[in-house]
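The structure is shown first, and the packing is then taken element by element.

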Amino acid sequence: MFLGRNQELNSLEKMYSRNSFQMAVVYGRRRIGKTSLLNEFIKNKNALYLPAEEVNDSLNLQKFSRILGEKMGIPNFPTVDDWNHFFNLIKTQFENQHLVLVIDEYPYAASANKSLNSILQHIIDYELKDTNIFLILCGSSMSFMENQVLGEKSPLFGRRTGQLKINPLDYYDSSLFYSDVSSEDKIRYYACVGGTPYYLSLINPELSFEENIRDLYFEISGYLNNEGILLMKQEFREPANYNAVLQAIASGSNTLSEISGFTKLDSNLISKYLITLQELNYIERIVPFGSNPLKGKTSQYHITENFIAFWYRYIFSTRTEIERGNGDIYFRLAMDDLSNFIGPIFEEVTRQFLRRLNSQGKLPFVAKSFGRWWGKDRAGKVQEVDVILESVDGRELLIGECKWRSSLKIGKTIGQLQERSEHFNHYVTYKYLFTKSPVELRNVDVLSKSLDDYFE
C-alpha cells in the first residue's frame with residue numbers, strides 16, 4: 001500500500017505534463033521510499049524502469065538490455081555492451097512516445113563506469129533534448145547524488161529540469177501506517193521509528209507499541225537493531241567519528257563544545273563532521289529566533305530523523321549485548337527514559353502541526369518561519385520558548401509552550417508562557433499551550449491544543 005508523498009507525486013506529474021524532455025534527480029536515504037514513489041508515479045504510464053545493481057558495468061548493461069528487449073517485445077534480445085548504443089536504441093525506439101525512463105540506484109551504474117555521467121551528458125545534449133522522454137535518475141547515496149550528479153563539477157550539471165530530495169514523512173503522514181492506535185501512540189511510534197516508510201511498514205498492527213519497539217530494536221533478529229550501522233557504511237568509508245558525533249547529539253549534547261566534550265575530538269575536526277552531516281540531512285543547525293545564523297555561538301545541533309536519534313541514544317552502544325540475547329534489560333531502560341526522549345520531538349511535531357495549519361489558513365496569520373528561542377530576557381533571566389512563529393509582515397508572533405508529560409501545573413505553565421511572551425512585547429503575540437491531553441483554560445488569553453487536534 002502506498003501512503004503519503006502527495007506533494008512529491010504532484011511535482012513529478014507537473015514535470016510529466018510539460019510534454020518535452022525532462023530530467024529529474026530523485027534522491028534520499030535508503031529505505032526512505034524513493035522506489036515506491038517512482039513505482040506509484042509510473043503506474044499506468046509508458047515507462048522503462050531500470051534498477052541498477054552494485055555489480056560491474058557489463059552485468060548492469062546485460063540486465064538493462066533484457067528489460068529493454070522485454071519492453072520492445074523482442075524475446076532473447078541480445079546484450080548491448082555499450083552505453084552509447086543502449087541510449088541510442090532507446091531514443092530510436094521511443095523518441096515519438098511520451099516515455100518515463102527511470103534509472104534507479106544510478107550511483108551503482110555510474111560507479112561501475114566512471115564515464116557514464118559524461119556519456120549521459122552527451123546523449124542528453126545531442127539525442128534526447130528534442131524528445132518527449134522524462135528521464136529520472138534516482139539514488140540512495142546522498143553524497144554521490146549531490147556531488148556527482150547535481151554538483152557544478154559534474155558533467156550532468158545544468159541538465160536537470162527538476163529535483164526531489166526525499167525526506168522522511170512528517171508525523172501526520174507517518175501515522176497513516178498505524179491509523180488505528182491512540183493519538184499518544186501515534187506520537188510515540190513517530191518518535192521511535194521516525195518517518196521512513198519501510199521502517200513504518202514493519203510495525204505489526206497485532207502488537208502493542210511496546211511489543212513492536214522491543215521486536216524491532218531489542219530482539220536478536222530485530223530488523224532495526226543494526227540499521228544505523230548500515231546507513232553509516234553506505235555514506236562513509238570511515239564512519240567511526242560520525243558515529244561518535246551522532247551519539248553525542250542523540251544523548252543531549254547539542255552545542256559544539258558539548259559535542260567536543262562528549263566525543264573527546266577537537267572542535268575544528270567536529271565542525272567538519274557537522275557540516276557534512278548537515279549536507280546529508282542527518283542533522284540540522286538551529287539558532288534562536290531573531291539571531292544571526294552566520295554567528296554560531298548560540299547554535300544547537302539536532303538529529304533530523306527520529307529513527308537515527310533513537311538508534312544512537314538506545315541501541316548504538318548496547319547492540320553487542322542485544323545480539324547476545326540481553327535486549328530486554330536495555331528495552332526496559334529505554335522505555336523508562338522515553339518521556340525525556342520524546343519531549344523535544346513533541347516540540348518538532350508541534351511545529352509540523354502548525355505548518356499544516358498554516359497551509360490550511362487556520363492560524364491567526366500567515367507564518368514565514370517556524371522555530372524556537374532561548375536566551376536571556378531583559379531582566380537577565382534565562383528563558384526558552386518551545387515554538388515561535390513569525391508572520392510574513394514581521395509584526396506578529398505565535399508563541400507556544402509544549403508539555404509532553406501528563407503531570408502539568410496549569411497555573412505555573414501559563415505564568416511562564418506569559419512571562420516569556422513579554423520578551424517580545426514589540427510584536428502582537430498569540431499564546432498557545434500544546435499538551436498531550438486536553439486542558440481547560442479560563443480567563444487567560446491562551447489557546448490550548450491537544451494531541452487529538454494534531455490528527456483531525
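## Helix and strand packing

Helix α4 passes helix α6 in a right-handed crossing (right-handed if the near helix is turned clockwise from the far one by less than a right angle, left-handed if anticlockwise). The model is predicted: local features need pLDDT of at least 70 and side-chain atom pairs count only at pLDDT 80 or more, whereas totals for chains, interfaces and linings use all residues. Residues are numbered from 1 along each chain as its sequence is written, and side-chain values use heavy atoms, with hydrogens and water left out.

Helices (H or I, at least four residues) and strands (E, at least two) are DSSP runs, numbered from the N terminus. Axes are lines fitted to C-alpha atoms, for helices over the stretch in contact, and angles run from 0 to 180 degrees between N-to-C directions.

| Helix pair | Angle | Axis separation |
|---|---|---|
| α4 (residues 83–94) and α6 (residues 116–128) | about 30 degrees | 10 Å apart |
| α13 (residues 240–250) and α16 (residues 306–315) | roughly 95 degrees | within 8 Å |

The angle in the α4 and α6 pair makes α4 roughly parallel to α6, while α13 and α16 are roughly perpendicular to each other. Angles under 35 degrees count as roughly parallel, over 145 as roughly antiparallel, 65 to 115 as roughly perpendicular and the rest as oblique.

On the α13 side, the contact (heavy atoms within 4.5 Å) involves Asn243, Leu246, Gln247 and Ala250, which meet Ala309, Tyr312 and Arg313 of α16. In α4, Trp83, Asn84, Phe87, Asn88 and Lys91 meet α6 residues Leu116, Ile119, Leu120, Ile123, Glu127 and Leu128.

An open sheet of mixed pairing has five strands in the order β8-β9-β10-β11-β12; two strands pair if DSSP finds at least two bridges between them. Its edge strands, β8 and β12 (446–450), each pair on one side only. From one strand to the next, the twist averages 30 degrees.

Helix α18 (residues 327–359) packs on this sheet and touches β8, β9, β10, β11 (428–435) and β12, with a direction at about 150 degrees to that of β8. Helix α19 (residues 410–421) also packs on the sheet, touching β9, β10, β11 and β12, and its direction makes about 150 degrees with that of β10.

Strands β8 (residues 367–376) and β9 (residues 382–391) pair antiparallel over eight bridges. They form a hairpin with five residues between them, and glycine 380 in the turn has a positive phi of about 85 degrees. Tryptophan 374 stands opposite glutamate 384 in β9. β9 also runs antiparallel to β10 (residues 396–403), joined by four bridges, and isoleucine 388 stands opposite isoleucine 399 in β10.
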